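Colleague: Give me a close look at one part of this model, please. I want the aromatic pairing and its surroundings, with the cut-offs stated.

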Amino acid sequence: YMSDMEEEPFGYCKLRWEDGIEVVITQLVFYIGRNTPHNIVDLHLGQDPTISRRHAKIQYNFEKKQFEIICLSQNDLKLNRDSVKIRDGPQVLRNKCVITIGSCPPFSFILPSTSY
């Protein structure tokens, strides 16, 4: 995700909540979950016990040239309202797809574009 450097940092993609909060993803492997004293994730979603320490991983698949999300938790996540479990393996992240983890408000996956 590139834009005017004075406005936003460089990133590969971003996550956006309905209230306008955005997180720019600046690495090719990005962990989402719940921070603990011995486990720090890239995106901490809160202390909700339904959110695992490492609940999900967003990664770039160089072979397929796409971003993917992998559920790492016994607690599912939702991708566009469809339940995703550990056994389901990597799921393609398409622009503006909606991800829900635990009781955290849903957020959208946003790919770079000239217009948002």
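**Aromatic pairs and their setting**

Modeller: The count comes to four aromatic pairs. The rule takes rings of Phe, Tyr and Trp (its six-membered ring) whose centres lie within 6.5 Å; planes under 30 degrees apart are stacked, over 60 edge-to-face, and the rest tilted. The model is predicted: local features need pLDDT of at least 70, side-chain atom pairs count only at pLDDT 80 or more, and totals for chains, interfaces and linings use all residues. Residues are numbered from 1 along each chain as its sequence is written, and side-chain values use heavy atoms, with hydrogens and water left out.

Start with W17 and F107. Their rings make a tilted pair, 4.7 Å centre to centre, with 40° between the planes. The pair links distant parts of the chain: W17 belongs to strand β1 and F107 to strand β11 (residues 107-110), 90 residues apart. Strands here are DSSP runs of E, at least two residues long, numbered from the N terminus. W17 and F107 are both buried, that is, under 20% relative accessible area; exposed means over 50% and partly exposed lies in between (1.4 Å probe, protein chains only).

Next come Y60 and F67. This pair is edge-to-face, at 5.0 Å between centres and 70° between planes.

Now F107 in detail. Its relative accessible area is 0%, so F107 is buried. Contact means heavy atoms within 4.5 Å. Leaving out residues up to four places away in sequence, F107 touches L15, R16, W17, I32, C97, V98, I99 and I101. L15 is 92 residues from F107 in sequence, yet their C-alpha atoms are 6.3 Å apart. F107 and G20 are 87 residues apart along the chain, with 9.9 Å between C-alpha atoms.

Two strands pair if DSSP finds at least two bridges between them. β1 and β11 pair antiparallel over four bridges, and L15 has F109 of β11 as its bridge partner.

C13 is bridged to I25 in β2. The two strands form a hairpin with four residues between them, and G20 in the turn has a positive phi of about 100°. G20 lies in the loop between β1 (13-17) and β2 (22-25). At 49% relative accessible area, G20 is partly exposed. β1 itself is largely enclosed by the rest of the structure, because four of its five residues are buried.

In soluble globular proteins, nonpolar side chains tend to be buried together.

Beyond neighbours within four places in sequence, its contacts include L15, I58, I101 and F107. I32 stands opposite A56 in β5. Five bridges join β3 (residues 29-33) to β5 (residues 54-61), and these strands run antiparallel. Both belong to an open sheet of five strands in the order β4-β3-β5-β6-β9, with mixed pairing. Its edge strands, β4 (43-44) and β9 (91-92), each pair on one side only.

One more ring has a charged neighbour. R54 lies over the face of Y31, 3.8 Å from the ring centre. For this, NZ of Lys or CZ of Arg must be within 6 Å of the ring centre and within 35 degrees of the ring normal.

Last, the cysteines. There are zero disulfides in the structure, by the test of two cysteine sulfur atoms within 2.5 Å. C97, a contact of F107, has the sulfur of C13 as its nearest cysteine sulfur, 9.9 Å away. C97 is buried at 5% relative accessibility, and C104 is buried at 10%.
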